[in-house]
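Please look at the sequence and the model first.

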Amino acid sequence: MSGEEEENAAELKIGEEFLKAKCLMNCEVAIILEHKYEQIQQHSSESDPTSQVSQVFEKSLQYVKRFSRYKNPDAVRQVRETLSRYGLAEFELCTLGNLCPDTSGEATALVPSLKSGGRFVGDAGDEKIEKMLNDLSLIKKFE
């Protein structure tokens, strides 16, 4: 070994470049790709009939639309704001926003780093996670 620590997402050891990176939830990517798709469609009908959407673009758009838990742009913004209040790392925020776990146990099984670092430890930590998940479910319910 070269002396570098091994990466471990469960302990939030994901590398400096990933800690600084901005992550996007599937629903955010869907909004961006939908907007781009509309632009491409508008330009192709106006001036350049040869400009078409690539197959990769279409498949990517289909994927993020299918796996987006939130469809309404206001709800998407609200999800990010809600999760941001809990001091999550970007990738934790996006994982929870994409997967929408139902319980504290499920959330920590999917994102083990929630329990590391002392942020959500013990019964109080579980209650805080439950509150966070309840906030997400309310957004989904009223979407």
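At what angle do helix 4 and helix 7 pack, and how far apart are their axes? The angle between helix 4 (residues 73–84) and helix 7 (residues 122–141) is about 170 degrees, and their axes lie 10 Å apart. Helix 4 is therefore roughly antiparallel to helix 7. Angles under 35 degrees count as roughly parallel, over 145 as roughly antiparallel, 65 to 115 as roughly perpendicular and the rest as oblique. Axes are lines fitted to C-alpha atoms, for helices over the stretch in contact, and angles run from 0 to 180 degrees between N-to-C directions.

The model is predicted: local features need pLDDT of at least 70, side-chain atom pairs count only at pLDDT 80 or more, and totals for chains, interfaces and linings use all residues. Residues are numbered from 1 along each chain as its sequence is written, and side-chain values use heavy atoms, with hydrogens and water left out. Helices (H or I, at least four residues) and strands (E, at least two) are DSSP runs, numbered from the N terminus.

**The contact of helix 4 with helix 7**

On the helix 4 side, A75, Q78, V79, T82 and L83 meet M132, D135, L136 and I139 of helix 7; contact means heavy atoms within 4.5 Å. By residue class, this contact holds six nonpolar, two polar and one charged. Here Ala, Val, Leu, Ile, Met, Phe, Trp, Tyr, Cys and Pro count as nonpolar, Asp, Glu, Lys and Arg as charged, and the others, Gly among them, as polar.

D135 belongs to helix 7. Leaving aside neighbours within four places in sequence, D135 is in contact with T82 and Y86. D74 is found in helix 4; its C-alpha atom is 24 Å from that of K128, a residue 54 places away in sequence.

**Nonpolar cores**

Which residues touch the most other members of the largest nonpolar core? They are Y70, L83, L88, L96 and L114, in a core of 22 residues. Helix 4, helix 5 (90–99) and helix 7 each supply at least two residues of this core, and helix 7 gives the largest share, five residues. Another core, of seven residues, lies apart from it and has A30, L33, V53 and L61 among its members. A nonpolar core is a set of buried Ala, Val, Leu, Ile, Met, Phe, Trp, Tyr and Cys residues joined through side-chain atoms within 4.5 Å. In soluble globular proteins, nonpolar side chains tend to be buried together.

Not counting residues up to four places away in sequence, L114 touches L88, E92, L96, A107, T108, R119, F120 and I129.

**Accessibility of selected residues**

Buried means under 20% relative accessible area, exposed over 50%, and partly exposed in between (1.4 Å probe, protein chains only).

| Residue | Relative accessible area | Class |
|---|---|---|
| E92 | 0% | buried |
| C94 | 5% | buried |
| D135 | 13% | buried |
| T108 | 16% | buried |
| C100 | 18% | buried |
| K115 | 30% | partly exposed |
| D74 | 48% | partly exposed |

E92 lies in helix 5. Beyond neighbours within four places in sequence, E92 is in contact with L12, V111, S113, L114 and R119. C100 lies in the loop between helix 5 and helix 6 and has a positive phi of about 45 degrees although it is not a glycine.

**T108 and K115**

T108 has its place in helix 6. Its side chain reaches the backbone oxygen of G105 at 3.2 Å. T108 touches L114, K115 and I129, not counting residues up to four places away in sequence. T108 and I129 are 21 residues apart in sequence and 8.8 Å apart in space, C-alpha to C-alpha.

K115 sits in the loop between helix 6 (104–110) and helix 7. Which side chain makes a polar contact with the side chain of K115? The partner is D126, at 2.6 Å. A polar contact is a pair of N or O atoms within 3.5 Å; within protein, one must be able to donate a hydrogen and the other to accept it, and residues adjacent in sequence count only if both atoms are side-chain atoms. K115 and D126 are eleven residues apart in sequence, with 9.1 Å from C-alpha to C-alpha. Leaving aside neighbours within four places in sequence, K115 is in contact with T108, F120, V121, G122 and D126.
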